[in-house]
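I opened the notebook to record what I looked up in this structure. The entries follow in the order I made them.

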Amino acid sequence: MVAAVLGFVLLLWSLGAARSVVALLLLLVVLGVMRWLCLRHIGGQTGDTAGALEQISEIAVLLTAVGSRV
């Protein structure tokens, strides 16, 4: 929980309030889709899927940051 709060505080600091909320909503969508895929195809989560979720989440936040600067 501490890591999540610290991550969101850093996100607020670096992207601002509006873009941080957009990034957080995008992360929730990514989490939901990944959860659905994991349950549907392999019946649950593995270490590999957790690593993939981390990478996809990082890409989503970076795309939010780049998209907001254009």
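Where is the place of Leu28? I looked it up and found Leu28 in helix 2. Helices here are DSSP runs of H or I with at least four residues, strands are runs of E with at least two, and both are numbered from the N terminus.

**Ground rules.** I note that this is a predicted model: local features need pLDDT of at least 70, side-chain atom pairs count only at pLDDT 80 or more, and totals for chains, interfaces and linings use all residues. Residues are numbered from 1 along each chain as its sequence is written, and side-chain values use heavy atoms, with hydrogens and water left out.

**Overall layout.** I counted secondary structure and got three helices and zero strands. In sequence order the pattern reads α-α-α. The C-alpha trace spans about 40 × 30 × 15 Å along its principal axes. I then looked at contacts (heavy atoms within 4.5 Å). Of the contacts in the chain with a separation of 6 or more, 53% join residues 24 or more positions apart.

**Surface totals.** Accessible areas come from the Shrake-Rupley method with a 1.4 Å probe, and for residues only the protein chains shown count as cover. The chain exposes about 5200 Å², and carbon and sulfur atoms supply 74% of that area. Buried means under 20% relative accessible area, exposed means over 50%, and partly exposed is in between (1.4 Å probe, protein chains only). On that scale, 20% of the 70 residues are buried.

**Helix 1.** I checked its length against the expected span, which is 1.5 Å times one less than the number of residues. Helix 1 covers residues 2–15, and its 14 residues should span 20 Å; the end C-alpha atoms are 20 Å apart, so the two agree. Gly16 follows helix 1 and has a positive phi, near 90°.

Leaving aside neighbours within four places in sequence, Leu12 contacts Ala17 and Ser20.

**Helix 2.** This helix has 25 residues and reaches 36 Å from its first C-alpha to its last, close to the 36 Å expected. Its buried residues are Ser20, Ala23, Val30, Met34 and Cys38. His41 lies in helix 2 too and is exposed, with a relative accessible area of 55%. His41 and Leu6 are 35 residues apart in sequence and 33 Å apart in space, C-alpha to C-alpha. Gly43 follows helix 2, with a positive phi near 80°.

**Nonpolar patch.** Which residues make the nonpolar surface patch of about 440 Å²? I listed Val21, Leu24, Leu25, Leu28 and Leu31. Like charges are joined within 9 Å, and nonpolar side chains (Val, Leu, Ile, Met, Phe, Trp, Tyr) within 5 Å.

**Nonpolar core.** A core here is a set of buried Ala, Val, Leu, Ile, Met, Phe, Trp, Tyr and Cys residues joined through side-chain atoms within 4.5 Å. The largest one has five residues: Val30, Met34, Cys38, Leu53 and Ala60. Helix 2 gives the largest share, three residues. As background, nonpolar side chains tend to be buried together in soluble globular proteins.

Apart from neighbours within four places in sequence, Ala60 is in contact with Leu26, Leu27 and Val30. Is Ser57 buried or exposed? Ser57, which lies in helix 3, is buried because its relative accessible area is 19%. Not counting residues up to four places away in sequence, Ser57 touches Leu27 and Val30.

Technical notes. Patches are made of residues with over 30% relative accessible area and no salt bridge: like charges are joined within 9 Å, nonpolar side chains (Val, Leu, Ile, Met, Phe, Trp, Tyr) within 5 Å. A salt bridge is a side-chain nitrogen of Lys or Arg within 4 Å of a carboxyl oxygen of Asp or Glu.
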